[in-house]
Amino acid sequence: MRKKVLILTYYWPPAGGPGVQRWLKFVKYLPEFNIQPIVFVPENANYPIIDKTLSVEVSKDLEVIKLPITEPYTFARFFSKGKTNTISRGIINENKKQSLIEKLLLFIRGNFFIPDARVGWVKPATSFLLDYIKNNNIETIITTGPPHSMHLIGLNLKQKLGLKWLADFRDPWTTIGYHKQLKLTKTSQQKHKALEKQVLTKANQIIVTSSVTKQEFQQITHKPIAVITNGYDNETSQVVTMDSKFSLAHIGSFLAKRNPEILWKALSELIKENDDFKTDFQLNLVGFISENILESIKKYNLINYVNKVGYVSHLESIKFQKKSQVLLLIEIDSEDTRCIIPGKLFEYMVSNRPIIAIGPKASDVEQIIKNTNTGKFFGYHDFESLKKTILDHYKAYQQGHLKTSPIGLQKYHRKSLTHSLSNLL
């Protein structure tokens with residue numbers, strides 16, 4: 001008989017965005033390792049992004065349990081629908097540009113809903129699952145966050161039933177970048193820290209997506225911590241025609257604090273210095289874009305080169321990854337973001353397109369790109385080398401041989417990663 005494992009997650013199809021991909025893929029491959037996944041999700045979740053194409057990846061044989069959830073974002077929209085939608089997507093303006101409504105919403109979100117806006121689901125979900133687990137011979141559960149309220153459900157079930165519990169952190173908890181923007185009081189900060197420590201010390205096994213996060217959590221707990229990154233899968237084969245332009249593409253949410261002025265300056269200078277580059281260049285922006293980013297692009301006179309695509313389905317995003325000449329990966333220049341490995345990195349790596357990544361030095365992303373030979377990584381002060389690399393890529397594009405020669409990608413395949421997960425179960 002297959003071993004039953006109950007997985008508690010907030011993000012599930014029809015949710016879009018990177019949060020849903022990780023466990024959608026784990027669940028896909030777990031049966032091949034003699035494990036029967038059962039998924040517990042909200043019935044009426046307030047997902048900031050919808051991608052109905054992901055629903056086709058859910059097996060008809062998979063048992064998905066749903067329970068209604070009440071979320072404060074529904075009520076917050078009565079005050080400001082626009083601000084609520086952007087905050088729920090994680091797009092937070094610079095403090096000096098925040099309206100009074102936005103400041104109020106952030107303060108309420110940070111101090112009245114700890115650890116997050118889904119905390120109201122913890123009690124009803126715990127009550128429901130206590131009966132379900134007893135009646136269905138479940139011995140192992142997995143919680144995945146954010147939202148970290150999922151871990152509080154796991155904590156409750158662990159305390160009441162003593163079952164095996166794996167806590168999966170797709171992102172850190174108290175050290176993630178946006179945490180500092182929630183206008184937390186000292187008391188609220190202490191509550192977050194206390195809850196984080198409880199989860200990290202009570203779970204049987206911790207799973208993280210980066211080595212930096214593992215090092216951080218090792219300062220808090222002595223429980224075993226495994227690094228299982230995100231990865232890539234065998235997507236439906238698509239016939240893609242390469243862009244005729246020398247296109248640089250950023251795919252995914254482009255948040256205000258990720259503004260790479262070093263890149264805009266390099267592109268602006270190349271346009272002034274090289275007429276051919278000026279004619280051939282195009283900037284593909286696929287996904288939600290902060291107004292701060294667009295303002296910066298305008299400041300460097302690049303707005304006429306922008307192909308603003310907006311949000312697209314996951315399958316459509318794969319097309320852009322494959323047809324764009326160069327792929328951009330931008331992270332906030334902060335010590336706190338060294339552990340962030342965007343899920344799209346692994347899809348970038350198998351697209352056969354060179355990656356230009358800009359972010360904090362000594363990050364996990366820098367090491368992965370270097371080890372797989374899939375692109376080049378730059379700090380926010382590496383202006384000359386960044387500009388030279390873009391020009392080198394442009395010359396290769398002109399000559400018709402712009403591509404990559406990756407190595408060691410197989411370990412990042414979703415099936416290989418699921419094998420690692422199955423060993424923990």
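Trainee: What makes a contact a salt bridge here?

Mentor: A salt bridge is a side-chain nitrogen of Lys or Arg within 4 Å of a carboxyl oxygen of Asp or Glu. Keep in mind that this is a predicted model.

Trainee: Why is the pair of Asp168 and Arg22 called a salt bridge?

Mentor: The closest N and O atoms of Asp168 and Arg22 are 2.9 Å apart. The cut-off is 4 Å, so the pair qualifies as a salt bridge.

Trainee: And what does this pair tie together?

Mentor: Arg22 sits in helix α1 and Asp168 in strand β5 (residues 164-169), so the pair links parts that are 146 residues apart in sequence. The structure holds 15 salt bridges.

Trainee: How many salt bridges are counted between domain 1 and domain 2?

Mentor: The count between these two domains is zero.

Trainee: How do you know, then, which residues of the two domains are in contact, and how many?

Mentor: Contact means heavy atoms within 4.5 Å. By that rule, 29 residues of domain 1 are in contact with 20 residues of domain 2. Domain 1 covers 3-232 + 414-423, and domain 2 covers 246-399. Their C-alpha centres lie 29 Å apart.

Trainee: What area is buried between domain 1 and domain 2?

Mentor: About 2,200 Å² is buried between them, with carbon and sulfur atoms giving 58% of that area.

Trainee: Which residues line the second largest cavity?

Mentor: Among them are Leu329, Ile330, Ala357, Ile358 and Phe377. The elements giving two or more residues to this lining are β11 (326-330) and β12 (355-358). The lining divides into eight nonpolar, three polar and one charged.

Trainee: How much space lies in the largest pocket, and which residues are closest to its centre?

Mentor: About 240 Å³ of space lies in the largest pocket. Of its 14 lining residues, Pro31, Pro37, Ser59, Asp61 and Leu62 are the closest to the centre. The lining residues divide into seven nonpolar, two polar and five charged.

Trainee: What makes the backbone at Pro115 and Pro146 worth a look?

Mentor: Most residues other than glycine have a negative phi, and most peptide bonds are trans. Here a cis peptide bond joins Ile114 and Pro115, with omega of about 15 degrees, and another cis bond joins Gly145 and Pro146, with omega of about 10 degrees. Pro115 is in the loop between α4 (100-112) and α5 (122-135), while Pro146 is in the loop between β4 (140-145) and α6 (149-161).

Trainee: Which residue has a positive phi although it is not a glycine?

Mentor: That is Asn137, with a phi of about 55 degrees. Asn137 lies in the loop between α5 and β4.

Trainee: Finally, what does Glu43 touch?

Mentor: Not counting residues up to four places away in sequence, Glu43 touches Lys66, Leu67 and Pro68. Glu43 is found in the loop between β2 and β3 (63-67).

Technical notes
Residues are numbered from 1 along each chain as its sequence is written. This is a predicted model: local features need pLDDT of at least 70, side-chain atom pairs count only at pLDDT 80 or more; totals for chains, interfaces and linings use all residues. Side-chain values use heavy atoms; hydrogens and water are left out. On a 1 Å grid over the protein atoms alone, a cavity is a set of points where a 1.4 Å probe fits but cannot get out, and a pocket is an open set with protein on both sides within 12 Å along at least five of seven lines; lining residues have an atom within 4 Å of a point. Grid points are joined across faces, edges and corners, and a volume is the space filled by probe spheres set on the points. Ala, Val, Leu, Ile, Met, Phe, Trp, Tyr, Cys and Pro count as nonpolar, Asp, Glu, Lys and Arg as charged, and the others, Gly among them, as polar. Domain bounds come from an automatic or database domain assignment. Buried area is the accessible area (1.4 Å probe) that two parts lose on being put together, summed over both. Helices (H or I, at least four residues) and strands (E, at least two) are DSSP runs, numbered from the N terminus.
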